[in-house]
Amino acid sequence: MASVVFENVTKTFGSFTAVAGVDLSIGDGEFVCLLGPSGCGKTTSLRMIAGLETPTSGKIFIGDQDVTGLHPKDRQISMVFQDYALYPHMNLADNIAYPLKVRGESVEKRHGRAREVADVLKIGTLLNRLPSQISGGQQQRTSLARALVYPSRVYLFDEPLSNLDAKLRLEARGFLNHLQRDMGMTAVYVTHDQAEAMALATRIAVMDQGRIVQYAPPIEIYRRPATTFVANFVGNPPMNLVPVEAAHGDGQLLLSADGLALGGLPMSSGVATALQASKALTLGIRPEHLTVAAPGAANAISGKLFANENMGPESLVTIERADGSRVTARIFTDDHIELGADVTLGFSLEHVHLFDSTGARIPADGEMPL
Amino acid sequence: MKQFSLLSRRVAALFLAPGAILVGLFILLPFFWVIFVSFTNRTLLGRTALNPEFVGLQNYVRLFDPATFFTRGQFGSSLIITTEFVLLSALVGQALLGLLLAWLMQAIRPGLKRFVEAMVIGAWILPEVVIGFAWFAFLDYDNGTLNMIMRGLGLPPGDFLLQQPFWVIVIFNTWRGAAFSMMLFNSAFASIPPSYFQAADVAGASSWQKFRDIALPLIRGHVVTDLILITMWTFNVFTPFLLTHGGPAYRTELLSIYNYRVAFRDFEFGKGAAVGVIIMLINLVLALIYLSIGRRKSKAEKEAAT
């Protein structure tokens, strides 16, 4: 196992900049998820670690070795592809053992090793089948087995679970999580599914337009999103973002917006700095921190009911405010509410996030590291 | 089950009629006519021109007469030349060179790739006569381009058309046809998902290993199609006639050229028709062999099926 380091890496395709000056350091044995919407540069970054793309500028290290211009086959890495890339003309044993075949191992030795790995992944009974004769979940495990069959410094995953149905995906996710911790592998995992990233990663790098917006452990990404982009990307449903007008009052911060009832917030040095630039701030509250409150309650936001989706254990209650923007709450109730009825959603002040006019998070005074 | 159709049967038949008549008149009729003529002693001139007689298998028996079979300018000798010509110029030359070019083209820049494709296709789309003349001009002893180059380099010039006529037509036909195989294999390689090769790259495979283990098995069907087509074309090709006229001393007289000489120089229609029928049967056998190879399942597929 080894660490991976990006040093000011840029990759352009013609006039399109896929990755813009990324610095990233992945520790030995870490499971890092590259998370972001399509086109954010996460897959390109992964492919540059694999050597399938060459950086336009900058350097990439695996361990202490500069691998920037090295051919993939000389990097001692493994990769699991989104489409699995199983060879349709080879049975599973030959597919799994192919990396050993190109290393010149004997048939007995490589099939023995393939069987060992296949047994761990519970596909040991399928070794004579062709890829077309097994299910999607089994194909996924076969491609994982092929990545695990030889010693490797870094394991790369390019959205490996995105072609599975929801139930299989959960199962495979748990398995991957266990395997990574069990083996202590260094893993880099590309996904656009924030739940997958939260569940698997020791650290998540959230990417947008070729840059890393935030690189932190999942809990920090969730509790202290660095920007409104991260806040809006992580969480299901995403954080509610309400534009507010800020003002001073008795050493307190007063925020006003349509339908928002909010007592004073403590003034902080961060807020003071932000207010010098603009009075327009953004208030963020996660749906799970909202509850249905009585009309006229303090620390609440109100509007008319837009949708009420019952998910079984919880409901998603969405209200529409006067300006047409919507706020969603995730609440444990199965009360029936009429469409268009007035609804007030309450929250507690400790769950309020503030972002300045550029979208950057305003930290509270004396914030401790998580 | 009722089938949906755009046209009524009668209208469809009306639209089909012109094509059917042309095909019948110029392909089906001559096909059966040749088979019929091959059993007669029909000629252009003389007594048997007007009143050909039915001679049974006599034409065929004469072609395979052991006394003259291997003599230069006879059927057997021509068959051997043709076989060598097909093996060397079609299978080794066109197919192998086309495969190699197509594989190498996978690795080069798109711009360069398009340029090479254009050059190679140029050799393929030019009319036969133009190419024949160009090669004649290239190889001419006194004023040929090749000998000018040889002299320029201080090398002795050669009269290639006289000294190495067989190799001239082999190289000529390879040059002429490699483009087709290259294009066919090129598109076959392009149909393989790139992730197959990337997975092999990451796994540590060399270019040769990727070719042997992944690319070649996956384009097997295309290879069979290519071999059927270029074998047929090369077997029936007539263009080398423009370079060597089958000579010198029948050394480049392919079956098609032999057939032409018998039927339209010596005007022995019966014998010529017999040669044509035999060529057709050989083509049929070759096609059946290739098709059976193409249908044969790979080892892994067979094991998985049991």
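**Chains A and B, term by term**

Reader: In chain B, what share of the contacts with a separation of 6 or more joins residues 24 or more positions apart?

Author: That share is 69%. A contact here needs two C-beta atoms within 7 Å of each other. Keep in mind that the model is predicted.

Reader: What makes up the secondary structure of chain B?

Author: Helices do. Chain B has 16 helices and zero strands.

Reader: What percentage of chain B counts as buried?

Author: The figure is 30% of the 306 residues. Each of them must have 20 or more other C-beta atoms within 10 Å of its own.

Reader: Why is B:V34 called partly exposed?

Author: Count the surroundings. B:V34 has 18 other C-beta atoms within 10 Å.

Reader: Where does B:V34 sit, and what does it touch beyond its neighbours within four places in sequence?

Author: B:V34 is in helix α1 of chain B, residues 9-37. Beyond those neighbours, B:V34 is in contact with B:A273, B:G276 and B:V277. B:A12 is 22 residues from B:V34 in sequence. From C-alpha to C-alpha, the two are 31 Å apart in space.

Reader: How many residues of each chain meet where B touches A?

Author: 19 residues of chain B are in contact with 23 residues of chain A. On the chain B side, α10 (194-203), α11 (207-218) and α16 (299-305) each give two or more residues. The largest share, seven residues, comes from α10(B). By type, the chain B side has eleven nonpolar, five polar and three charged residues.

Reader: Why are β2 and β5 of chain A said to stand at the edges of their sheet?

Author: Look at the order first. The open sheet of four strands runs β2-β1-β4-β5 in chain A, with antiparallel pairing. β2 (16-26) and β5 (65-66) each have a single partner strand, so one side of each is left without a neighbour in the sheet.

Reader: What makes β1 and β2 of chain A a pair?

Author: Bridges do. Strand β1 (residues 4-13) and β2(A) share seven, in the antiparallel sense. Within this pair, A:F13 stands opposite A:F16.

Reader: Which strands of chain A pair with β17, and how do you know?

Author: Count the bridges again. β13 (residues 260-261) has two with β17 (residues 300-310), which just reaches the cut-off of two. There, A:L260 stands opposite A:I301. β20 (residues 342-346) has five with β17(A). β18 (residues 315-320) has six. These pairings are antiparallel. A:K304 takes part in two of them: its partner in β20(A) is A:D342, and in β18(A) A:K304 stands opposite A:E320.

Reader: Which residue takes a positive phi in the hairpin of β17(A) and β18(A)?

Author: A:G312 does, with a phi near 105 degrees. This hairpin has four residues between the strands.

Note on methods
Residues numbered from 1 in each chain as written. Chains lettered and ligands numbered in written order. Predicted model: local features only at pLDDT ≥ 70, side-chain atom pairs only at ≥ 80, totals over all residues. Buried ≥ 20, exposed ≤ 12 C-beta atoms within 10 Å, placed from the backbone. Nonpolar A, V, L, I, M, F, W, Y, C, P; charged D, E, K, R; others polar.
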